[in-house]
Amino acid sequence: MTVQIWREYTIAPDGTHHVHRGRPAYTSRFHEALKFHPPGLAPVSDASGAYHVTPDGLPAYPERYLRAFGFYEDRAAVHSDAGWLHILPDGSRLYTQTYAWCGNFQGGRCSVRQFGGSYLHIDQDGAPAYQERYRYAGDFRDGAAVAQRDDGQHTHIDAQGSLIHGIWFDDLDVFHKGYARACDSAGWLHVNMRGQPIYETRFKSVEPFYNGQARVEGFDGSLSIINESGATLLTLRPPRSSPLDTLSSDMVGLWRTQTIRAAVELGVFEILPARSDTVESRTGLAPSMGARLMRALQELDLARLDDDSVYHTTERGILLARAHPFSLADAALMWGKEHYSAWSGIVESLRSGESSFHKMSGQNIFDWIAGRPGELETFQSAFSTYAKHDYRALPEKLDFGVHSAILDAGGGRGDLVFTLLRAFPALRGVVMDRAEVVESLKPPRALAARCQFVAGDLFAEWPASADAVILARVLHDWPDHDALRILERARDAIDERGKLYLVEMTLDESSGSGGLLDMNMLVMTGGAERTERQFAQMLEAAGFRMQKTLPTGFVSSIIVASPA
Ligand SMILES: C[S@@+](CC[C@H](N)C(=O)[O-])C[C@H]1O[C@@H](n2cnc3c(N)ncnc32)[C@H](O)[C@@H]1O
């Protein structure tokens with residue numbers, strides 16, 4: 001009868017001990033007592049530290065830890081001075097090393113984080129279950145776990161670490177009764193064990209299926225119950241925003257663009273935290289305009305107000321401060337000024353197929369900027385931020401170490417080349433751009449011996465050659481005939497056994513994704529975003545053969561081509 005009596009224990013309301021049928025189960029008292037788990041041990045803590053106790057409230061072993069957690073599959077995670085590890089019921093260590101964090105065993109595997117920051121699963125002996133390391137790895141359930149790679153994409157792996165379906169999602173959950181919650185660029189959905197969507201619709205959020213039905217929230221704020229075909233069975237809450245509301249909001253996108261631009265131009269994010277009257281006086285605004293501007297920034301979730309009437313920058317707003325390593329301050333000015341004026345000519349652009357910026361200013365954007373040092377600085381700084389952010393994961397996508405030298409044509413301030421040279425220590429790099437862009441640029445000191453900036457024209461003979469040429473977000477600036485001329489110059493500059501890498505967004509014809517950026521290219525430069533098929537045709541016309549396309553996880557894809 002005393003066997004597994006602990007299964008009937010509950011925790012006392014003050015949390016200091018366990019209770020059995022209304023009476024204390026033992027005389028000891030702790031700072032904190034947690035639930036008993038098989039084989040009949042509970043984590044507790046007192047002045048001596050954290051450890052496990054038997055159903056008599058007595059220590060199961062002499063060691064003490066900073067924290068102790070429940071036993072799962074006869075193994076418990078503990079946090080010691082040296083790090084996290086698992087112990088067995090007799091208190092002995094399951095393995096010798098320690099981790100930055102340990103989870104609990106589920107399905108014979110346990111997720112652990114190494115001190116370097118990467119996650120993996122260990123088996124019941126404490127040995128790594130596979131070679132791969134992940135940005136994050138979750139618990140196993142029914143033989144599958146979620147693993148996230150460094151570009152932020154998630155998939156399902158099995159207990160040996162093999163990919164179950166090989167499909168990657170922005171976010172993912174484990175399987176519940178054969179379906180998993182998954183998130184792609186369009187929203188949340190349910191997928192089957194093959195990683196395939198079980199219906200077309202996407203939602204703002206979804207719950208797991210429960211006896212064939214799931215509760216979901218639509219982007220319009222509605223709450224519904226759906227079946228496994230995605231059909232709505234019941235509406236629990238009507239839509240919060242109607243199509244008229246969402247359309248009206250899209251139509252006043254200019255309010256957001258210009259309020260953000262004004263706040264950056266006035267230097268508001270350099271002044272916060274501050275009260276609105278301080279913002280008003282320091283930026284030279286008319287009476288009460290500080291309060292009105294700050295209220296608008298609050299609505300945009302760029303500033304928040306505390307109880308003392310002081311405005312602080314939010315997590316989003318901090319990206320508009322000039323000191324942030326990924327500051328979008330110059331991007332805010334760029335979108336709010338030249339781009340903004342040029343977009344007013346979009347109808348003319350659509351009628352003529354040509355850039356309204358060119359029509360208005362009489363020059364292409366690059367020639368126009370060349371004569372305006374302020375705008376050149378804004379433009380190059382904006383693209384430098386996007387490059388630093390969007391190209392971070394590129395070295396993990398492709399082994400540029402097989403090349404001896406890369407030439408980044410139209411490479412701006414060189415951020416992409418710096419990223420690659422840091423990742424591949426034997427690689428040399430040349431950044432080519434217009435003279436006014438590169439004339440005062442120098443590589444970081446650590447890369448100086450392997451990197452140089454050269455002035456060159458994309459349309460004339462290039463002043464350098466290499467076994468790898470990169471054109472990142474360059475072709476989309478140009479209409480087809482100019483893009484083809486650039487590819488022909490690239491063909492001349494590249495070794496016979498070299499490779500060409502295009503870093504470009506590829507248009508998705510099924511979803512329309514990329515369509516607005518395509519409008520932007522039309523208006524600003526007369527250029528275009530293109531589909532993979534269009535890139536393949538253009539590459540072939542310039543003497544290349546397209547080999548493959550890889551997603552970078554951030555806006556653009558990498559198209560790899562070799563001389564035909
Ligand atoms: C959209 S930016 C892309 C910059 C960089 N590759 C990136 O991905 O962030 C286009 C670049 O092409 C450069 N460019 C434009 N016309 C050029 C020309 N005729 N010769 C050389 N570079 C040019 C611009 O100065 C600018 O740096």
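**Backbone, helices, sheets and domains**

Visitor: Where is Arg 21 placed?
Guide: Arg 21 is in the loop between strand S2 (18-20) and strand S3 (23-24), where helices (H or I, at least four residues) and strands (E, at least two) are DSSP runs numbered from the N terminus. Residue numbers start from 1 along each chain as its sequence is written. This is a predicted model, in which local features need pLDDT of at least 70 and side-chain atom pairs count only at pLDDT 80 or more, while totals for chains, interfaces and linings use all residues.

Visitor: What is the phi of Arg 21?
Guide: Arg 21 has a positive phi of about 50 degrees, although it is not a glycine. As background, most residues other than glycine have a negative phi, and most peptide bonds are trans.

Visitor: Okay, and which residues does the cis peptide bond with omega of about 10 degrees join?
Guide: That cis bond joins Pro 38 and Pro 39, and Pro 39 is found in the loop between strand S4 (32-33) and strand S5 (42-46). The peptide bond from Leu 272 to Pro 273 is also cis, with omega near 0 degrees, and Pro 273 lies in the loop between helix H3 (268-271) and helix H4 (276-282).

Visitor: Switching to helices: at what angle do H2 and H6 pack?
Guide: Helix H2 (residues 253-266) and helix H6 (residues 329-336) pack at about 130 degrees with their axes 9 Å apart; the axes are lines fitted to C-alpha atoms, for helices over the stretch in contact, and angles run from 0 to 180 degrees between N-to-C directions. This makes H2 oblique to H6, given that angles under 35 degrees count as roughly parallel, over 145 as roughly antiparallel, 65 to 115 as roughly perpendicular and the rest as oblique.

Visitor: Which residues make that contact?
Guide: On the H2 side they are Thr 257, Gln 258, Ile 260, Arg 261, Val 264 and Glu 265, and on the H6 side Ala 329, Ala 332, Leu 333, Trp 335 and Gly 336, a contact meaning that the C-beta atoms of two residues, placed from the backbone, lie within 7 Å. By class, the H2 and H6 contact has six nonpolar, three polar and two charged residues; here Ala, Val, Leu, Ile, Met, Phe, Trp, Tyr, Cys and Pro count as nonpolar, Asp, Glu, Lys and Arg as charged, and the others, Gly among them, as polar.

Visitor: And how do H15 and H17 cross?
Guide: The axes of helix H15 (residues 480-493) and helix H17 (residues 532-541) come within 9 Å and cross at roughly 55 degrees, which makes H15 oblique to H17. From H15, Asp 480, Ala 483, Leu 484 and Leu 487 meet Met 538, Leu 539 and Ala 541 of H17, and by class this contact has six nonpolar, no polar and one charged residues.

Visitor: What is the strand order in the sheet of seven?
Guide: This open sheet runs S27-S26-S25-S28-S29-S31-S30 with mixed pairing, two strands being paired if DSSP finds at least two bridges between them. Strand S27 (451-455) and strand S30 (544-551) are at the edges with a single partner strand each, so one side of each is left without a neighbour in the sheet. S30 pairs with strand S31 (residues 557-563) in the antiparallel sense over seven bridges, and Leu 550 stands opposite Ile 558 in S31.

Visitor: Which strands does H15 touch there?
Guide: H15 packs on the sheet against strand S25 (405-409), strand S28 (466-472), strand S29 (494-504), S30 and S31, and its direction makes about 160 degrees with that of S28. H17 lies across S29, S30 and S31, running at about 150 degrees to S30.

Visitor: How about the sheet of three strands, what is its order?
Guide: That open sheet has the order S7-S8-S9 with antiparallel pairing, and its edge strands, S7 (67-72) and S9 (83-87), each pair on one side only. Strand S8 (residues 75-80) pairs with S9 over five bridges, and the bridge partner of Ala 77 in S9 is His 86.

Visitor: Last topic: which domains are assigned?
Guide: The assignment gives domain 1 (1-98), domain 2 (252-336) and domain 3 (356-563), with bounds that come from an automatic or database domain assignment. The centres of domain 2 and domain 3, taken over C-alpha atoms, are separated by 33 Å, and their contact takes seven residues from domain 2 and seven residues from domain 3.
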